[in-house]
Amino acid sequence: QVQLVESGGGLVQPGGSLRLSCAASASIFSIYIMNWYRQVPGKPRELVASITPSGTTNYPDSVKGRFTISRDNAKNTVYLQMNSLKPEDTATYYCNAFRRFGVITDYWGQGIQVTVSS
């Protein structure tokens, strides 16, 4: 069982920046795709960034150019750098580890709140 723990959320003004961290309890980045999702009440969870074991990253258009996912393998930590934040970025952000090897295995963090407001 892998545990994921997010940190770094909070309140920020529009145009500001935040960096979220996701610490994994094991060295999994070589075999798991690491993702950041976000969710607002009443809406489906939205993928906002992913990084594959080979280091390929992917972003939806809504955050491309503003969000950057990265990882520190030595610290078993994945980051989400969020710049030029907008009120519509307000959500609960979740870290996810996903792997499909015959069966699907995925793990989720507990979620962390990001609020963008003046």
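How many bridges join E1 to E3? Four bridges join these two strands, which run antiparallel.

## Basis of the report

This is a predicted model, in which local features need pLDDT of at least 70, side-chain atom pairs count only at pLDDT 80 or more, and totals for chains, interfaces and linings use all residues. Residues are numbered from 1 along each chain as its sequence is written, and side-chain values use heavy atoms, with hydrogens and water left out.

Strands (E, at least two residues) and helices (H or I, at least four) are DSSP runs, numbered from the N terminus. Two strands pair if DSSP finds at least two bridges between them.

## The four-stranded sheet

Strands E1, E3, E8 and E7 make up an open sheet of four strands in the order E1-E3-E8-E7, and the pairing is antiparallel. The edges are taken by strand E1 (4-7) and strand E7 (67-72); each has a single partner strand, so one side of each is left without a neighbour in the sheet. On average, neighbouring strands of this sheet are turned by 15° against each other, direction ignored. For such angles, axes are lines fitted to C-alpha atoms, for helices over the stretch in contact, and the values run from 0 to 180 degrees between N-to-C directions.

Strand E3 (residues 18-24) is joined to strand E8 (residues 77-82) by six bridges, and the two run antiparallel. Ser21 stands opposite Tyr79 in E8.

Buried means under 20% relative accessible area, exposed means over 50%, and partly exposed lies in between (1.4 Å probe, protein chains only).

## The aromatic cluster

A pair of aromatic rings is described by the distance of the centres and the angle of the planes. Rings of Phe, Tyr and Trp (its six-membered ring) pair if their centres lie within 6.5 Å; planes under 30 degrees apart count as stacked, over 60 as edge-to-face and the rest as tilted. The structure holds three aromatic pairs. One of them joins Tyr37 and Trp108 and is tilted, with 5.0 Å centre to centre and 55° between the planes. This pair links distant parts of the chain, with Tyr37 in strand E4 (residues 33-39) and Trp108 in strand E10, 71 residues apart. Tyr37 is buried because its relative accessible area is 19%, whereas Trp108, at 35%, is partly exposed.

Tyr94 and Trp108 form an edge-to-face pair, with 6.4 Å centre to centre and 80° between the planes. Tyr94 lies in strand E9 (residues 91-101) and Trp108 in strand E10, so the pair ties together parts that are 14 residues apart in sequence. Tyr94 is buried, with a relative accessible area of 15%. Tyr37, Tyr94 and Trp108 form one aromatic cluster. Arg45 lies over the face of Tyr94, at 3.9 Å from the ring centre, and over the face of Trp108, at 4.6 Å from the ring centre. A charge sits over a ring if NZ of Lys or CZ of Arg is within 6 Å of the ring centre and within 35 degrees of the ring normal.

Asp106 is found in strand E10 (residues 103-108) and counts as partly exposed because its relative accessibility is 35%. Its side chain is joined to that of Trp108 by a polar contact of 3.2 Å. A polar contact is a pair of N or O atoms within 3.5 Å; within protein, one must be able to donate a hydrogen and the other to accept it, and residues adjacent in sequence count only if both atoms are side-chain atoms. Asp106 also touches Asn96, Ala97 and Phe98, not counting residues up to four places away in sequence; contact means heavy atoms within 4.5 Å. The C-alpha atoms of Asp106 and Ile33 are separated by 9.3 Å, while the two residues are 73 residues apart along the chain.

Ser50 belongs to strand E5 (residues 46-51) and is buried, with a relative accessible area of 9%. Not counting residues up to four places away in sequence, Ser50 touches Ile33, Met34, Asn35, Thr56, Thr57, Asn58 and Ile69.

## Two residues with positive phi

Most residues other than glycine have a negative phi. Asn76, in the loop between E7 and E8, has a positive phi of about 55° although it is not a glycine. Asn76 is buried, with a relative accessible area of 15%. Ser84, in the loop between E8 and E9, is not a glycine either and has a positive phi of about 50°. Ser84 is partly exposed, with a relative accessible area of 42%.
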